Amino acid sequence: MLKNELIMRNPLRILGNDTDDLIPAGGCGAVVSRAGVGKTSLLVQIALNSMLRDQQVLHISIDDPVRKVNLWYKEMLQDLADRYQVQQINELWERVLPYRFIMAFHVDGFSVPRLRERLEELREQDIFTPQVLLIDGLPLDDERREMLAEVKVLATDMRMHVWFSILSHRHEEPAADGLPLQLAGVADRFDVILQLQPEGKDIFVRALKGPRTGEAQPTLQLDPTTMLIKTAS
Amino acid sequence: MKRELDKVRNIGISAHIDSGKTTLTERILFYTQRIHAIHDVKGKDGVGATMDSMELEKERGITIASAATYCEWKDHEINIIDTPGHVDFTIEVERSLRVLDGAILVLCSVGGVQSQSITVDQQMRRYKVPCIAFINKCDRSGANPMRVIGQLRDKLGHNAVAMQIPIGLEADHEGVVDLVTMQALYFDGENGETVRFEEIPAALRDEASVRREELVDAASMFSDELTEAILEEQEIAPDLLLDALRAGALKREITPVFMGSAYKNKAVQPLLDAVNRILPSPMDVVNEALDLDHDEAPVSLKSDTTAPIVSLAFKLEDGPYGQLTYLRVYQGTIKKGDFVVNVRTGKKVKIGRLVRMHANQMEDIDILRAGYIGALFGVDCASGDTFVSPGLNLTMTSMFVPNPVISLAVVPKDNKAQVNMSKALNRFSKEDPTFRTYVDDETGETIIEGMGELHLEVYVERMKREYSAEVSTGQPRVAYRETITRRAEFNYTHKKQTGGAGQYGRVAGFMEPLADGDFEFENKVVGGSIPTQFIAAVEKGFRNCLAKGPKMEYPVTGVKIQINDGASHAVDSSEMAFQAAARGAFHEGYGRAKPTILEPIMKVVVETPTEFQGQVMGTINQRRGIILGTQDEGNMCVVESQVPLAEMFGYSTVLRSSTQGKAQFTMEFALYKQVPQSVAEELEKKYAEAKKSVA
């Protein structure tokens, strides 16, 4: 009941097509923005939305420790519950917790073969079988662009869909196609690209690629105090 | 005893188990000439480190009880409490931190920030203890102090800055470069007692300059004078830099990091210099007491030796000459022959013998001034008691004491053992507030309760060794709780009119789950349907039901009760009748409120080499555990999880065998959670069988 309420009210659904997930299994999505604008909070909301729908989420954090990532989830769920006046938050937390697994890596220690090995261990022992994979904080520099293709293969093999957070830079002009420079040459690997754009005090969520782009998309924002996604007032 | 309070340091040495803190303390005592030979923990000479005063500690190579000691270094008096590293004994760590002004956080340069370091750090934060860090074991293979500094920043959120860089690591570790004076320090002599100052080796000059710049930059946040000197590109005097660092450290906004190898006698002396130069004196710390005459309003204490006495007994020990009470004086001066009052009992106590401790030896003293730590003989009190001058009614803020989560039945072998066991249990429960004991009414067994398997095991061992009490133990039992899961109404009439005075009382209202807290009672009765004088009896009746829940006789928690109606009789109503009515109402409502069993869930953190990560996760999964996450640390991996305590018995053996003894784990209480249906059924079955056998 509680879960259904939160799922139904989550504005993230508006970005979706016919299904609740924005991207199909084996597909990739990206959340792009400058530092400190809210990539992790949007990823955590995507994760919570999946967890509430009983999907298992593997959150890969590059350089942030497990404790810190866990705190993100706890606070975002609390804010979400506060906003929709859902009581019994502890009970809800206990119910969604088994649907999440955090892996923290140092940037140099992360590789797709290593991740595959870990995932196979988890699946073999029937500990965790993720349907959603989040990769937060991986710098998309030249040497790591190749990783995208490897992750896509992994996602297809394991029937997951993947969300990346991608850091863009204020001083860099977008490429000719309007996409941030970091995505140059790799945009075709993504089914959905969401950009967080601060304008004055507001942070807008704009789909640069996906089922509903341009005029067709609804105006979504991140609430600057809670970082929760909301329809623009 | 010297008089300048600004030259006194009360410090703790806190760390993860096996980071080498006892070895470090040992070296400190050697360099400050309190001891004249070095004996290592688990050393070959069989003497053991000086601070491990208990026989058991020597045998296990771990430190269980805090031993207090003092030493002098360059005109400063340093009181040191050596604290235990295992999470089972964290009450000792908590107590130490409560009375200390500063701390050295010892970290292993190979293991880095480990799970216990996180717990200890949280405790330091809770008591706002300023600290400096010492990265030990730089001589060990795989040592990487700069990585540990990174972990201090990332994992613990410290603004950690290197005060030194190592000259060589692992087997080549020779000394350190001091980034404040920009000199190389080497430690000569058989035990590294001679510090030799040299120029920085050419190969390290560039790195030293970069690190010094980082240090100066970080320190400049705390000193305008330093910022000015930087902007004007002046030479930065060491004192200016150290003053800024001290100001930041006292606010806990910067953590200066030192490094070396205590075992190899490298760089302990500069750490002692830092204790003097950076950590606070008692004058730098504001301590508060609670005024019992004014609704426990906080009162700031002054480190004034002429003010009335306020002191805290933070540790008790049973020695050959009777009870030894460790005391920290916060205000005033305690003199031999003086009278003080124990605020908890109101008893007046005469100060007999006053001593200063050095591990398990002592030195008689006549006075103990504000800011100092010492010990009293022959005073009967409990740990955590406040002693004050007659006329004062202040108590030191109470210490955070968690509830025990595990219990064990202990049975003495014979009469002699029974007497000795009683003595031992009496002492232990006075010394350690997380260790409790009671006699089970139904089985007549003596039950001991504590914070984990190892916690209780150590006390059973101590009973045998120190009190010659031969006891056998039962299976450890988990501290389950009962609670309700939905709202339920009650309307109960207690009526008894057979023989003697009659009893009459009716209580109506509802009970519902309470998320935060054990019990809440709300009176919404209007119009006097239950006369005001009986409301307290109703509450008492409800409260009495909490000790043994109706479902399976576990303590009841998380219940809110509201009464909104009732009835009384002019003659037959009494306090007793309303207490009985409340009991009846509780049972009536409880049955309808879908009661359930809660079990303690532990936060279990396993550190394992990466190749065993799969096996470790398997062991947790088999124990109904939820894995919160895994953290890759190069060759090591940390698995964080939540596991029911009931599933954790014997886990150390399982972990050892599945990881070739290469993994270690820590465990601490996290929360209470509803048991799954299958477990609840199992518990109910056991409960029914136990009931049957008693009957």
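Trainee: Why are α2(A) and α3(A) called roughly perpendicular to each other?

Mentor: The axes of helix α2 (residues 39-52) and helix α3 (residues 66-83), both of chain A, cross at roughly 70° and come within 10 Å. Axes here are lines fitted to C-alpha atoms, for helices over the stretch in contact, with angles from 0 to 180 degrees between N-to-C directions. Angles under 35 degrees count as roughly parallel, over 145 as roughly antiparallel, 65 to 115 as roughly perpendicular and the rest as oblique. The two helices are therefore roughly perpendicular. This is a predicted model, where local features need pLDDT of at least 70 and side-chain atom pairs 80 or more, while totals for chains, interfaces and linings use all residues. Residues are numbered from 1 along each chain as its sequence is written, and chains are lettered from A and ligands numbered from 1 in the order in which they are written.

Trainee: Which residues of α2(A) and α3(A) meet?

Mentor: From α2(A) come A:Thr40, A:Ser41, A:Val44, A:Gln45 and A:Leu48. Facing them in α3(A) are A:Trp72, A:Tyr73, A:Met76, A:Leu77 and A:Leu80. Contact means C-beta atoms, placed from the backbone, within 7 Å.

Trainee: What makes strand β36 of chain B largely enclosed?

Mentor: Its count of buried residues: six of the eight residues in 626-633 are buried, so the rest of the structure largely encloses β36(B). A residue is buried if 20 or more other C-beta atoms lie within 10 Å of its own, exposed if 12 or fewer, and partly exposed in between. In chain B as a whole, 49% of the 695 residues count as buried.

Trainee: Which strands pair with β36(B), and in what sense?

Mentor: Strand β3 (residues 100-105) of chain A pairs with β36(B) in the parallel sense over three bridges, and B:Gly629 is the bridge partner of A:Ile102. With strand β37 (residues 636-644) of chain B the pairing is antiparallel, over seven bridges, and B:Asp632 stands opposite B:Cys637. Pairing requires at least two DSSP bridges between two strands. β36(B) and β37(B) also form a hairpin with two residues between them, where B:Gly634 in the turn has a positive phi of about 70°.

Trainee: What makes β7 and β10 of chain B edge strands?

Mentor: The open, antiparallel sheet of four strands runs β7-β8-β9-β10 in chain B. β7 (164-167) and β10 each have a single partner strand, so one side of each has no neighbour in the sheet. The twist averages 30° from one strand to the next. Helix α6 (residues 202-219) of chain B lies across β7 and β8 (175-178), at about 165° to β7(B).

Trainee: Which residues touch the most other members of the largest nonpolar core?

Mentor: They are B:Ala133, B:Val257 and B:Phe258, in a core of 109 residues. A nonpolar core is a set of buried Ala, Val, Leu, Ile, Met, Phe, Trp, Tyr and Cys residues joined through C-beta atoms within 7 Å. Strand β4 (residues 102-108) of chain B gives this core its largest share, six residues. At least three residues come from each of domain 1 (5-171 + 252-284) and domain 2 (287-396) of chain B, with bounds from an automatic or database domain assignment. Another core lies apart, with 108 residues, among them A:Val37, A:Met160, A:Val205 and B:Phe428.

Trainee: How many helices and strands are in chain B?

Mentor: There are 16 helices and 38 strands. Both are DSSP runs numbered from the N terminus: H or I of at least four residues for helices, E of at least two for strands.

Methods. Contact = placed C-beta atoms within 7 Å.
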